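Colleague: I have a model open and want to learn how to read it. Can we go feature by feature?

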Amino acid sequence: MKALGIVVGAAPLPVLCSRARNHRFRVSFSSPSSGSKVVEQVGIAAAKPEYKPGVFDDMFLNLFRNKLVQEVGWDSKEPGYDGLIEVAHRLMMKGTSNSTTVEAAVRILRSLFPPYLLELYKMLIAPIGGGKIAAMMVEVWLDILKRFGFEARVTVLTCQWLMGPCKVNSVDLTDGTSCSSGVYVERCRYLEESKCVGICTNTCKFPTQTFFKDHMGVPLLMEPNFGDYSCQFKFGVLPPQDDTILKEPCLEACPSASRRRMVANNVDVTTCPKT
């Protein structure tokens, strides 16, 4: 496999963007016969959004961080979102395997909800309409809040504090129909700040998919894009058994991969330590 240079365009950004910086990262591929090769992706003047916390954002962030700290048994000295990311890194490094990290993240998600609420939702809501009603609950709540003049604040309340601006969209279901059960994250703050494929997949993607399927009865497929930091949520769609995301290489900016490169030049860093 030959080394290639690829230019990646920036994702559509909200008006809140106020400053720009160059994003440059490298990903590595390997094959049994040829060893590791490098594919370099360069983003030119990609603007990083300035995230302005909403009324409830700090409350949600502190709640989530406290649950994360309880699971990890350690807290960062850094305040706010920076500290949250440091604890997320510790969660991933604490896990003895991918599965234990995913299980820990699922426990954190479950702890955010009152007892019996998830069981009632799975028992009473998930079966309605073959699961489509549960999958469309995002849009239902969006419509309700719009009627009361809150516009699209539901996405802010439930997602923006962690991932950044997002919107409801339509997705294709496996039965050939389409449904307004998708959520498109324009530029995931969690991925951009963690700079780690492993944190994205093992503390967010796989745990969230498992949580919705096993504890709410709603299939979910999440499709993060490591080129522009966007992510597509597809409620009502089952994840594939052989997810190609597992083959994703590290970002050059990944702190874990960077440390491994500094420790030993002959260490194979073609994939994240946790993928």
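Colleague: Where does E186 lie?

Modeller: In a loop. It runs between β7 (178-185) and α8 (189-194), and E186 is part of it. Keep in mind that this is a predicted model.

Colleague: Is E186 buried or exposed?

Modeller: Judge that by relative accessible area; under 20% is called buried. E186 has 18% relative accessibility, so E186 counts as buried.

Colleague: Which residue has its C-alpha atom 7.4 Å from that of E186?

Modeller: G164. Along the chain, G164 and E186 are 22 residues apart.

Colleague: What does S230 contact beyond its neighbours within four places in sequence?

Modeller: E186 is one of its partners. S230 itself sits in the loop between β8 (220-224) and β9 (231-235).

Colleague: Is S230 buried or exposed?

Modeller: Use the cut-off again: under 20% is buried. S230 has a relative accessible area of 6%, so S230 is buried.

Colleague: Which side chain makes a polar contact with that of S230?

Modeller: The side chain of D228, at 2.7 Å.

Colleague: Now the nonpolar side chains. What should I expect of them?

Modeller: In soluble globular proteins, nonpolar side chains tend to be buried together. In this model, the largest nonpolar core has 49 residues. Within that core, L68, Y190 and F233 touch the most other members.

Colleague: Which residues does L68 touch, not counting those up to four places away in sequence?

Modeller: L84, V87, A88, L91 and I108. There is also a second, separate core, of five residues. Among them are V171, L173, C179 and L221.

Colleague: Which residues form a nonpolar patch on the surface?

Modeller: Y116, L120, M123 and L124. Together they have about 470 Å² of accessible area. Take L120, in helix α4 (residues 117-125). Its relative accessible area is 42%. Exposed would need over 50% and buried under 20%, so L120 is partly exposed.

Colleague: Let's zoom out. How many helices and strands does the protein have?

Modeller: There are 10 helices and nine strands. The protein has 275 residues, and buried ones make up 45% of them.

Colleague: What share of contacts joins residues at least 24 apart, among those between residues at least 6 apart in sequence?

Modeller: That share is 59%.

Colleague: And what is the accessible surface of the protein?

Modeller: About 14,700 Å². Carbon and sulfur atoms account for 57% of that surface.

How values were computed
Residues numbered from 1 in each chain as written. Predicted model: local features only at pLDDT ≥ 70, side-chain atom pairs only at ≥ 80, totals over all residues. Heavy atoms only, no water. Helix = DSSP H or I, 4+ residues; strand = E, 2+ residues; numbered from the N terminus. Buried < 20%, exposed > 50% of the residue type's maximum accessible area, 1.4 Å probe, protein only. Polar contact = N/O pair within 3.5 Å; in protein donor to acceptor, adjacent residues only side chain to side chain. Contact = heavy atoms within 4.5 Å. Patch = residues over 30% accessible without salt bridge, like charges linked within 9 Å, V, L, I, M, F, W, Y side chains within 5 Å. Areas by Shrake-Rupley, 256 points an atom, 1.4 Å probe, with all protein chains shown as cover. Salt bridge = Lys/Arg side-chain N within 4 Å of Asp/Glu carboxyl O. Core = buried A, V, L, I, M, F, W, Y, C linked by side-chain atoms within 4.5 Å.
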